[in-house]
Structures are given as C-alpha cells and as structure tokens.
Amino acid sequence: MVVLAKQAAAAALEQISLVRSPSVEDNFGAGLPVVDLAADGAAREVVRACERFGFFKVVSHGVGEGVVGRLEAEAVRFFASPQAAKDAHGPASPFGYGSKRIGRNGDMGWLEYLLLAIDGASLSRASPAPSPSLRDAANEYVGAMRRMARTVLEMVAEGLGVAPRGALADMVVGDGAASDQILRLNHYPPCPPLLQNLMPNCSPTGFGEHTDPQLISILHSNSTSGLQVALHDAGGDHQWVTVPPDPASFLVIVGDSLQVMTNGRMRSVRHRVVANKLKSRVSMIYFGGPPLEQRIAPLRQLLVAGAGDGEEEEQSRYEEFTWGEYKKAAYLSRLGDNRLAPFHRQPPPVANPLV
Ligand SMILES: C=C1C[C@]23C[C@@]1(O)CC[C@H]2[C@@]12CC[C@H](O)[C@@](C)(C(=O)O1)[C@H]2[C@@H]3C(=O)O
Ligand SMILES: O=C(O)CCC(=O)C(=O)O
Ligand SMILES: [Fe+2]
C-alpha cells in the first residue's frame with residue numbers, strides 16, 4: 001500500500017507542475033462581490049463587480065436545484081466509471097474526455113474533464129455525450145446557462161449605457177447566432193496527503209492560472225474549495241485569494257473578449273484551482289463565446305461616451321481581430337500566457353484592486 005502510494009506520488013510529481021503557496025492568501029469573507037440578479041439596481045452592481053474584480057457570485061439566479069443536481073450527478077457517475085470507459089471518449093482534441101493534460105501545449109493539472117461543444121441551445125453532435133442521460137441533463141443545464149448569460153450580458157449593456165440591450169447577449173445566445181459555446185465538466189480528485197507532505201509550501205495544481213478567452217464563463221462547483229482569483233493592488237502586484245465554494249450560487253467570470261469589447265473597463269480575471277487535500281471538487285462551466293466571424297473590438301458607444309465634451313472619441317486599446325483569429329491563437333498558447341498581450345495598443349490600467 002505504502003509502496004503504491006509512493007509510486008503514485010512519484011508519478012504525479014513527474015507530471016504535475018507546482019504552484020507555490022501564495023505569500024498572502026486570504027478568504028474574501030464579506031468582501032466577495034455578490035450580485036442578487038433579482039434586485040433593483042442589479043445591472044449597476046454587475047458592471048461594478050466586472051470593473052473592480054472581473055468576476056462575481058450570482059444569487060437569486062432562478063436556476064432550479066434539480067437542473068444543477070441532475071448534471072452534477074451525471075458528471076460524478078461518469079467520472080466514477082472505469083478508466084477504459086472514460087478513455088473511450090478521449091483524448092480531448094479539444095472536445096471529449098481528458099485526464100491531466102490541458103490543451104495541446106504541455107499544460108498539466110490534477111484533474112480529469114469532459115469538454116462538450118454546444119451548437120445553438122443544445123450539445124453539438126460533433127462532441128457526443130457519453131450517455132443519453134448525461135446528454136439530457138447537459139441540455140437542460142445549457143438552457144439554464146444560456147438564460148443566465150443573456151440576463152447578465154443584458155445587464156452589462158444596460159449598466160454601461162449601451163443600446164440595444166441585447167448588443168452583447170445576442171452575440172452569444174441570439175436566435176440563430178452560430179455562437180461558440182462550450183460546456184466543461186471538471187473533476188479534481190483529492191490530492192494525496194503524502195504528495196503534499198513531500199512538498200512543504202507547495203500544493204498541486206488542479207487547473208493552472210489563466211484567463212478565459214470568451215465573453216463570459218458561468219461556473220458552478222460542489223462544496224469543495226480550490227478556486228482562487230488573482231487580485232491586483234494599486235502597484236500592480238497580485239495576491240491569490242480563495243473564493244469560498246457555494247453550491248447554491250454561480251460565479252460569473254469576465255473573459256478576454258468582454259475585456260476588449262469594453263475597452264478594458266471590465267477585466268478578465270486570472271484564476272486557478274488548487275487541488276483539495278481531502279475532497280473531490282466537481283465543477284461545471286459554461287463558456288459563452290461569439291460566432292467565429294464576430295469582430296472583437298470595443299463597442300462604439302463606449303468609445304464615444306468615453307470622450308469629454310468637444311474631445312475626440314476614446315481610442316481602442318486593442319488591435320482588431322475576430323473571435324476565430326483569437327481562438328486560433330489561444331489554442332496555440334500555453335494556459336498561463338497573457339493571450340491579449342499581442343493585441344494591446346497601450347498598457348491597460350491597473351485592475352482588480354484589493355478588497
Ligand atoms: C492550454 C489551453 C487549454 C485551453 C486552450 C489553451 O490553449 C489556452 C486556453 C485554455 C482554455 C481556458 C478556458 C476553458 O477552460 C477552455 C476550454 C478555453 O476555451 O480556453 C480552455 C482550453 C482547453 O482546455 O482546451
Ligand atoms: O474548475 C474550476 O473551478 C475552474 C475551471 C476553469 O477555470 C476552467 O475550466 O476554465
Ligand atoms: Fe477558467
């Protein structure tokens with residue numbers, strides 16, 4: 001048993017890159033940005049949170065427990081099935097079942113996952129679900145995520161004073177929009193204590209630090225902690241802060257494309273997952289991207305609004321590109337790369353001030 005554990009630890013050490021424990025790591029406590037989607041003034045709060053933090057927790061979201069519970073149970077059942085059965089749905093390229101390997105450029109994590117493409121309002125035939133029951137649960141869940149994505153993106157437009165209200169939402173969940181949506185189911189097994197004993201001050205990387213390339217991501221997790229976000233202080237230094245898990249809520253994360261479309265007002269937040277010592281973490285993430293031919297550039301009304309009386313309109317901080325071009329570049333990059341850097345025209349302002 002001990003020998004097996006040692007072998008497992010050695011094998012894992014070989015494969016998993018390490019994240020150093022941050023010098024200061026704290027919980028948000030009361031400072032976590034939370035938006036009650038049903039409250040008056042929610043649009044203003046959404047914009048505030050996206051500008052200050054690049055993410056927020058959503059409560060009063062209207063998604064039934066059953067919708068979440070059914071997909072989570074299917075995910076747990078799939079990840080608990082024999083390795084050969086899971087491997088039959090892999091390797092992820094990029095869709096399908098993947099284990100430890102993230103993307104195709106050498107990134108590794110302490111996780112297994114199922115990446116499923118979405119076509120319109122349901123899973124795409126291009127990435128078949130492992131079972132009809134998982135497919136049905138995923139389709140129901142995708143419907144709920146699309147409704148939430150619409151609500152949030154409409155609030156972003158409203159809160160920024162952009163018309164029409166659906167300017168951003170229609171790119172991702174518009175009727176007939178050939179948008180680029182993904183559903184990701186992640187399973188982070190507990191990180192064996194032996195492994196952690198061997199590496200004081202280190203914790204295995206569940207999912208390495210990165211920003212999400214799309215407009216928004218909507219994340220749900222079970223009650224196992226692990227997600228951390230990078231918050232910056234005025235000097236530009238960052239601190240990793242743990243986001244307490246809450247299975248009754250969702251987290252909305254600003255992606256690179258929304259950062260560009262708001263000309264840097266909203267910031268895609270860097271985040272990562274540290275594997276838990278004792279418990280499995282299961283997360284389900286909906287990624288809302290636009291059609292491949294969508295031009296990713298600041299919304300015109302924001303540039304005009306950014307100019308003072310008699311001044312020229314605000315300049316875009318980014319070179320122009322389409323989502324298809326960005327996505328192609330993203331898939332050639334390493335997970336932790338700053339994928340927007342090659343498109344910057346001038347340095348962005350400091351983001352994500354500490355709470
Ligand atoms: C290393 C990579 C994995 C990723 C594609 C990439 O080359 C860089 C971006 C990664 C990411 C992060 C957010 C999502 O989890 C994801 C599906 C995406 O769209 O971009 C992953 C990609 C992936 O796992 O294939
Ligand atoms: O599993 C999580 O909690 C986050 C995963 C993530 O950031 C991603 O899949 O892009
Ligand atoms: Fe992410």
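View 1. His271 counts as buried because its relative accessibility is 5%; buried here means under 20% relative accessible area, exposed over 50%, and partly exposed in between, with a 1.4 Å probe and protein chains only. This is a predicted model, where local features need pLDDT of at least 70, side-chain atom pairs count only at pLDDT 80 or more, and totals for chains, interfaces and linings use all residues. Residues are numbered from 1 along each chain as its sequence is written, ligands are numbered from 1 and chains lettered from A in the order in which they are written, and side-chain values use heavy atoms, leaving out hydrogens and water.

**View 2. The iron site.** Here His210 (NE2), Asp212 (OD) and His271 (NE2) coordinate the iron ion (ligand 3) at 2.1 to 2.3 Å. Donors are N, O and S atoms within 2.8 Å of the metal (3.2 Å for Na, K and Ca); water is not among the atoms, so sites may look incomplete. Along the chain, the donors of this ion follow the spacing H-x1-D-x58-H. Because His210 sits in strand β9 (residues 202–210) and His271 in strand β14 (residues 271–274), the pair ties together parts 61 residues apart in sequence. Strands are DSSP runs of E with at least two residues, numbered from the N terminus. His210, at 8% relative accessibility, also counts as buried.

**View 3. Strand β14 and its partner.** From β14, His271 and Val273 point one way, Arg272 and Val274 the other, and all are buried. Strand β11 (residues 227–232) runs antiparallel to β14, joined by three bridges; two strands pair if DSSP finds at least two bridges between them. Look for Val229, which stands opposite His271.

How values were computed: Helices (H or I, at least four residues) and strands (E, at least two) are DSSP runs, numbered from the N terminus.
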